[in-house]
Amino acid sequence: MGSKGALSLQQTSLLLETLQGSEEITFEAVATKFHDVIPKSEHFKACCALTFLLQDPHLLLAPQRLRALFILHDVYKGEPLVSHPFLSFLVEAATAETVNPPERMLALHLLSSQAESGSLCKLLAKKTLSGFVSDIEPAAFNNLPNRDHMLRKHGLDRPTSQAGASCFKQTAVLSVVADPEKEFLDGLPMETELCYQGTDAVREKTAAILLGKAGLHGFEAPYVRPKPPVLRTTPGELKWLLPTLSHKLLWDSHMCADTSRVSAVREAIARAFKGPLVPAQQQQVLMELEDDPKLVYHCGLTPKRLPDLVENNPLIAIEVLLKLMNSTQITEYFTVLVNMEMSLHSMEVVNRLTSAVELPIEFVHLYISNCISSCENIKDKYMQNRLVRLVCVFLQSLIRNKIINVQDLFIEVQAFCIEFSRIREAAGLFRLLKTLE
């Protein structure tokens with residue numbers, strides 16, 4: 001039964017077969033064979049297996065160790081060196097004094113080729129194992145860098161490099177432990193039925209068994225977690241064994257409330273949009289609004305329907321607008337009232353509103369300007385004279401009640417009076433203006 005995260009038996013056999021061969025085979029050919037037999041999804045597992053084999057000096061021959069190091073480099077040659085998952089292993093192989101000099105030189109070449117340029121990597125890939133070893137000058141072995149220098153160069157000297165590893169993994173015992181007092185074959189299990197046909201065959205079989213059964217992570221110390229003790233109970237907790245809770249019903253006082261008043265007011269306002277209500281109906285609506293001012297928010301009035309209510313039932317319109325003075329929509333109602341067609345009822349509504357509450361002064365000024373403009377644009381002389389009289393009476397009422405400051409509109413109102421001086425009310429308004437100068 002293979003360990004979790006390990007290669008299958010077939011993949012292990014193919015991996016070990018990749019490391020075999022003549023010393024005249026180039027590194028590039030070895031890497032190509034590796035990519036042919038090991039799928040890309042299993043590359044990381046295969047590289048973990050190679051690092052496992054390289055940790056013991058007896059499992060692989062010197063040529064096989066060189067091929068394994070090159071494969072570790074070749075699999076991740078397209079990535080930045082800092083993101084190489086086996087960078088620390090390559091640095092260790094290049095600096096460990098226990099590693100054979102050719103292996104150290106190859107690890108140094110691989111680190112340099114990936115860090116500097118791709119041309120060095122291609123040049124190294126074309127070499128054979130025997131050619132690489134023969135090209136090494138003896139003096140180069142005396143100039144190998146020390147471990148501290150390489151760790152600083154590749155940023156592996158920081159303590160955060162081992163921050164993710166648990167203390168159990170750091171103290172784990174490797175699956176392969178060298179025993180200098182015994183022969184290499186001592187201790188192998190008899191049930192493996194190894195055929196001792198030579199040292200190479202035994203070594204390959206041993207490597208296959210270790211990869212398949214021993215696992216790659218070694219033997220970690222068990223994480224002993226004692227069973228937590230049972231907490232002592234307190235007398236206050238026993239009541240929850242047999243809880244006796246008395247539930248009380250909470251009634252909603254607004255549930256099933258009488259909505260007949262709301263319906264009656266909505267129906268009356270709907271009729272008020274279409275035509276004048278009889279005095280009894282008007283009085284009923286005004287009484288309901290007086291008893292419950294919040295009914296104004298449910299009566300169905302909108303800014304768009306306000307002109308209909310003003311023209312047909314100005315008294316109800318005045319009462320509704322007074323109840324809506326604290327509403328967030330009151331500005332919209334004022335805007336509609338200012339821009340609606342001028343009439344006796346609209347002036348009555350504005351006049352009553354100015355007497356009851358303090359309206360925004362800009363609203364009053366705009367309404368007066370619209371009234372004067374409406375009088376000037378009417379073609380029918382009879383209707384024009386009638387509206388001029390209404391406007392003059394309206395302005396005199398505002399001035400006498402000190403609703404407006406006549407100086408703010410003095411020029412515009414004076415021009416209006418002069419234009420319609422033939423009308424008695426306009427002449428009276430003009431005289432009133434003169435007395436206020």
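Guide: Contact here means heavy atoms within 4.5 Å. Please note also that the model is predicted.

Visitor: Fine. Which residues is Arg65 in contact with, leaving aside its neighbours within four places in sequence?

Guide: Those residues are Leu53, Leu54, Asp56, Pro57, Leu60 and Glu103. Arg65 itself sits in helix α4, residues 62–75.

Visitor: Is Arg65 buried or exposed?

Guide: Its relative accessible area is 9%, and buried means under 20%, so Arg65 is buried.

Visitor: And what does the side chain of Arg65 make a polar contact with?

Guide: The partner is the side chain of Glu103, at 2.7 Å.

Visitor: Staying with α4, at what angle does α2 pack against it?

Guide: Helix α2 (residues 27–37) and α4 pack at about 65 degrees, and their axes are 10 Å apart. α2 is therefore roughly perpendicular to α4. The crossing is right-handed.

Visitor: Which residues make that contact?

Guide: From α2, they are Phe27, Glu28, Val30, Ala31, Phe34 and His35; α4 supplies Leu66, Arg67, Phe70, Ile71, Asp74 and Val75. By class, eight are nonpolar, one is polar and three are charged.

Visitor: Changing topic: how do α17 and α18 cross?

Guide: The axes of α17 (residues 344–356) and α18 (residues 361–377) come within 12 Å and cross at roughly 155 degrees. The two helices are therefore roughly antiparallel, and their crossing is left-handed.

Visitor: What meets what there?

Guide: Ser346, Met347, Val350 and Thr354 of α17 meet Val364, Tyr367 and Cys371 of α18. This contact has five nonpolar residues, two polar and no charged ones.

Notes
Residues numbered from 1 in each chain as written. Predicted model: local features only at pLDDT ≥ 70, side-chain atom pairs only at ≥ 80, totals over all residues. Heavy atoms only, no water. Axes fitted to C-alpha atoms, helices over the stretch in contact; angles between N-to-C directions. Helix = DSSP H or I, 4+ residues; strand = E, 2+ residues; numbered from the N terminus. Parallel < 35°, antiparallel > 145°, perpendicular 65-115°, else oblique. Left-handed = near helix turned anticlockwise from the far one by under 90°. Nonpolar A, V, L, I, M, F, W, Y, C, P; charged D, E, K, R; others polar. Buried < 20%, exposed > 50% of the residue type's maximum accessible area, 1.4 Å probe, protein only. Polar contact = N/O pair within 3.5 Å; in protein donor to acceptor, adjacent residues only side chain to side chain.
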